[in-house]
Amino acid sequence: MAEQRSVLVVDDDSDVRSLLKDLLKEAGYGVKTATTGEEALAALAKALPDLVMMDIKLPDRDGIGLLSRLHREHSDLDVIVMTAFGGSSSAIKAMEHGAYDYV
């Protein structure tokens with residue numbers, strides 16, 4: 001049996017977290033969620049997922065700073081950055097700091 005791939009969804013919007021969790025579980029992924037950057041770091045300290053889907057606007061820290069830290073500490077970890085407030089400059093920053101993709 002193949003090992004289940006895992007995703008950490010980091011977003012302070014409960015509707016977004018719930019939607020992504022449901023969609024990813026239906027697709028066969030194991031899903032953990034976090035509301036803040038601190039919760040995300042705590043979850044990552046327990047178990048490293050295959051993918052992180054992260055909002056760039058978090059209530060407790062700058063998303064680009066968190067992305068940079070994740071890339072520095074876990075260079076093989078794929079991180080997809082999500083935002084409803086993005087523009088080309090934030091997309092470019094995210095990619096420069098190690099994002100796998102930007103939505």
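Let us start with Arg69, which is partly exposed at a relative accessible area of 29%; here buried means under 20% relative accessible area, exposed over 50%, and partly exposed in between, with a 1.4 Å probe and protein chains only. This is a predicted model, in which local features need pLDDT of at least 70 and side-chain atom pairs count only at pLDDT 80 or more, while totals for chains, interfaces and linings use all residues. Residues are numbered from 1 along each chain as its sequence is written, and side-chain values use heavy atoms, without hydrogens and water.

The side chain of Arg69 forms a salt bridge with that of Glu73, at 3.0 Å from N to O; the term requires a side-chain nitrogen of Lys or Arg within 4 Å of a carboxyl oxygen of Asp or Glu. Both residues belong to helix 3, four residues apart, about one turn of the helix. Helices are DSSP runs of H or I with at least four residues, strands are runs of E with at least two, and both are numbered from the N terminus. Glu73 is also partly exposed, at 43% relative accessibility.

How many salt bridges does the rule give? The count comes to three. Another joins Arg61 and Glu38 at 2.3 Å, N to O. That pair links distant parts of the chain, with Arg61 in the loop between strand 3 and helix 3 and Glu38 in helix 2, 23 residues apart.

Finally, I turn to helix 1. Its buried residues are Arg17, Leu20 and Leu24.
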